[in-house]
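Reader: I would like a close look at one part of this model. Please keep it brisk and give the cut-offs.

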Amino acid sequence: MNRSHDPVRDELFDIFESSFDEILVTDASGIVIRVNATCRKNYERTAGDLVGKHVKDLEKMGIFYPSATLKVIESLQPIELFQTAGTGRYFHVRTRPVFHPDGSLKSVISYSRDLTELMQLRNKIEEMEDELATYKKELKEPLEFDGLISKSEQMEKIMLLVRKIAKVNSTVLLLGETGVGKSKIVRLIHQLSDRRDQPLNEINCAALPEQLIESELFGYEGGTFTGAFREGKKGLIELSNHGTLFLDEVGELPLAAQGKLLHVLQEKQIRPVGGRQPISLDIRIIAATNKDLKNMVGRGSFRRDLYYRLNVVPIHIPPLRERKEDIAPLTYHFLDYFNHLYGSNVRFSPKVLQAFLSFEWKGNIRELENMVERLVVTGDEVVTLNDLPPDMFEQEISEAGMTLPEVIEEVERKMIVQAYNKDKSTYKVAKSLGISQSSAARKVRKYIGEIKES
């Protein structure tokens, strides 16, 4: 090209060559006749590698795909598409036909913009969003583990906290009434932790005589006690090395043992009874109690320094009566478990479930579990109110001054009103409550009045 005698052509050539976008021009048949510097850079090719080649051949060579030029030649219409190059880059391609005055196709011009960095950024954002969605889903999904149900807001918060602390080695103090599931929380923390393949040992500090607590926890050297093992014995703390030790009813530890436990927490070492050399430990300790340790500290029956060492991450598990949303799923969980265990197919009538929801469960999950097992073992195929023990009604009768028939009628009224308000159909009420439609209609008229079927 002779540029020296045509300033306009020279200027147009400079614009063509310095364009930020890639420009590729073909004739009407698809033969490349011109490419600019950006095009050569994008495909890492010289002009000689591209000019004179048919776009179909370049497509087959993997230089780019798909060819927008071919689509324009076929349709004689402008087109936009996303294209990938053999160099691993992504392009947004806008291709336009150019026509002769007689309307025949003269050439095809493609303008391509490199979107590689934007595509990579978008993919990264999508990956992060997927990870975030998965994380949020894990946090929101109710967790069920060995009788732990997180349907209530209180338990969902506890489960969230458990997931967080399971990944670290902080000492945990579980607080709550007997039977709320403290030992199950311990097993869940251990199962979710990096120590899951290491031992989890448990000791009930209230179940051992005071004179045996130290030897059980800390072990002893051979010859320390008359009648003991000649070679000595490892304590539960040492046996839990690299794993988790659960100290249940920690408030029952005598003061002497409290002092030695404090040393373990502070120094991560243990000295067996009668031993001379300390043993280094890598251990996580989780303690639990149904007592008010802070009050015990004030009375001098529990060491203040040990209390603060144990109280790094306190978790208070509310009693079942304060999280009634968990009663129904817990009931079905245990019902399925004991049906499978005993080869039964026992079902609870809706009135039984309503009675469960009204009961206070002072023994918490443990009492509920025992009750379900009892009904599965002793009940018929369908457990009704008549199969429930009298003490399940004594509480409501004594507190409300109601007789047993009055209690049963009140439970029935609540269930009928709730079911009818939801379904607006006596047929659906009958189906959901397991009664006949005539009975459902009669009870709806009794407790609600006029029937308006939906």
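Is the crossing of helix 9 and helix 11 left-handed or right-handed?

Author: The crossing of helix 9 and helix 11 is left-handed. Left-handed means that the near helix is turned anticlockwise from the far one by less than a right angle; clockwise would be right-handed.

First, the ground rules. This is a predicted model: local features need pLDDT of at least 70, side-chain atom pairs count only at pLDDT 80 or more, and totals for chains, interfaces and linings use all residues. Residues are numbered from 1 along each chain as its sequence is written, and side-chain values use heavy atoms, with hydrogens and water left out.

Now the geometry. Helix 9 covers residues 210–218 and helix 11 covers residues 255–267. Helices here are DSSP runs (H or I, at least four residues), strands likewise (E, at least two), numbered from the N terminus. The two axes come within 10 Å and cross at roughly 15°. Each axis is a line fitted to C-alpha atoms over the stretch in contact, and angles run from 0 to 180 degrees between N-to-C directions. Helix 9 and helix 11 are therefore roughly parallel to each other; the cut-off is an angle under 35 degrees.

Which residues touch? Helix 9 gives Ile213, Glu214 and Phe218. Helix 11 gives Ala256, Ala257, Lys260, Leu261 and Val264. Contact means heavy atoms within 4.5 Å. By class, this contact has 6 nonpolar, no polar and 2 charged residues. Nonpolar covers Ala, Val, Leu, Ile, Met, Phe, Trp, Tyr, Cys and Pro; charged covers Asp, Glu, Lys and Arg; the others, Gly among them, are polar.

A salt bridge needs a side-chain nitrogen of Lys or Arg within 4 Å of a carboxyl oxygen of Asp or Glu. Lys291 is partly exposed, with a relative accessible area of 36%. Glu252 is partly exposed too, at 35%. Partly exposed lies between buried (under 20% relative accessible area) and exposed (over 50%), with a 1.4 Å probe and protein chains only.

The structure holds 12 salt bridges. Another of them joins Arg40 and Glu17, with the closest N and O atoms 3.0 Å apart.

How values were computed:
Angles under 35 degrees count as roughly parallel, over 145 as roughly antiparallel, 65 to 115 as roughly perpendicular and the rest as oblique.
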